Amino acid sequence: MRGLRSDPVTSVTVRVPAKVNLQLSVGPPRDDGYHDLVNVFHAVSLFDEVTASDGARTAGEGPVAVSGETTVTVSCEGDSAGLVPLDGENLAVKAALALAARAGRPVSVHLAIRKAIPVAGGMAGGSADAAGALVACNELWGLGLTGQELMEIGGALGSDVPFALLGDTAVGTGRGEKLQPVPVGGEFHWVFALAEGGLSTAKVYGECDRLREATGERVAWPQADDVLMAALAAGDAKVLGEALVNDLQPAALMLCRPLVRTLSAGREHGALGALVSGSGPTCAFLAESAAEAAELATALQAAGVCRSAVTAYGPVPGATIVPTDHR
Ligand code: ATP
């Protein structure tokens, strides 16, 4: 397709979804510090956008120069932009550098990130931006790497990056990076209650280990839940709501006590299921329909148990190039 274009491509925009974990079963800590997981990822319609443009910007234009010829800008609602690094720690920048190294080419790119995924919210926003940068730079530079090749580069950057590329619904094993797509028989309607501030994923895993040790809990080898898989295949929101499970939830609730109230408020207002999303602090609620999700979001906001509540549906595709005429 690239060869058919008459004008050179100077900028590519990619839309990448957030994820919620429908099942997050955490095994004992491994020698490398990670945990073996069964992680049922579900991509939902909250999207970050990553635009990669030819050539780094100059400092006078605003962006901070990060690494050699790479610059980045980040915009997000609220005041969370300050939580996103603008240096070589930004996962989108790491992704562009990793892709250039793999392709053996110099990097000269500006990355503009528009965030709708809450920062440090347990919805893998940083991983989404890394996936967006991989797809955008692959296209911008005409590298032609396959999805599988991008997933390999992404897996080395972070356990959640391959799923942000794949999207839809998938079960992740290992650190969560070995993915198997899961068939889903319908659309599910969600409400996400966004919290003030974020939670560090590493701290939440640490607290999970500490709680397990303190209570002497015997940690089973994680396995995919058959009831949850059947509910997904049937598109049955009621059964899915009851099967949602997150082993990190007790640790997230311990580190962020107000979430206990957020979860109960959602259940009281009729959510079919309620859980902390990943390492939190975002809480996810499953609703029967889009209309019920909208009502639940309004009720959660009125109850004052979250910073804001947004609705979304899933599953949705992974990182996707936005056609030029849609921008
Ligand atoms: P994790 O994917 O580790 O579970 P999370 O989903 O809770 O994290 P993220 O939004 O990915 O939350 O942010 C985690 C941390 O990653 C942030 O505190 C931030 O310092 C760092 N980070 C690096 N790059 C980005 C990025 N492009 N967007 C958001 N955060 C980023």
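Student: Is P222 buried or exposed?
Tutor: This is a predicted model, where local features need pLDDT of at least 70, side-chain atom pairs count only at pLDDT 80 or more, and totals for chains, interfaces and linings use all residues. Residues are numbered from 1 along each chain as its sequence is written, and side-chain values use heavy atoms, with hydrogens and water left out. Buried means under 20% relative accessible area, exposed over 50%, and partly exposed in between (1.4 Å probe, protein chains only). P222 has 11% relative accessibility, so P222 counts as buried.

Student: Where does P222 lie?
Tutor: Helices (H or I, at least four residues) and strands (E, at least two) are DSSP runs, numbered from the N terminus. P222 itself is in the loop between α5 (201–215) and α6 (226–234).

Student: How many salt bridges does the structure hold?
Tutor: Side chains of opposite charge can pair when their charged atoms come close. A salt bridge is a side-chain nitrogen of Lys or Arg within 4 Å of a carboxyl oxygen of Asp or Glu. One of them joins E89 and K94, at 3.6 Å from N to O. The count is eleven.

Student: Which parts does the salt bridge between E149 and R102 tie together?
Tutor: The closest N and O atoms of E149 and R102 are 3.7 Å apart. E149 lies in helix α3 (residues 147–157) and R102 in helix α1 (residues 91–103), so the pair ties together parts 47 residues apart in sequence. E149 is partly exposed at 26%, and R102 is partly exposed at 42%. The two parts are α3 and α1.

Student: K115 forms a salt bridge with D129; how far apart are the closest N and O atoms?
Tutor: K115 lies in strand β5 (residues 109–115) and D129 in helix α2 (residues 125–140), so this pair ties together parts 14 residues apart in sequence. K115 is buried, with a relative accessible area of 8%. D129 is buried too, at 4%. The closest N and O atoms of K115 and D129 are 2.7 Å apart.

Student: Which element gives the most residues to the shell around the ligand?
Tutor: The ligand is surrounded by 21 residues (a heavy atom within 4 Å). The closest are A120, G122, A124, G126 and D129. With four residues, the element that gives the most is α2.

Student: What is the phi of A124?
Tutor: A124 lies in the loop between β5 and α2. A124 counts as buried, at 17% relative accessibility. Its phi is positive, although A124 is a residue other than glycine. The value is near 60°.

Student: What is the omega of the peptide bond from G314 to P315?
Tutor: P315 is in the loop between β12 (308–314) and β13 (320–321). The peptide bond from G314 to P315 is cis. Its omega is near 5°.
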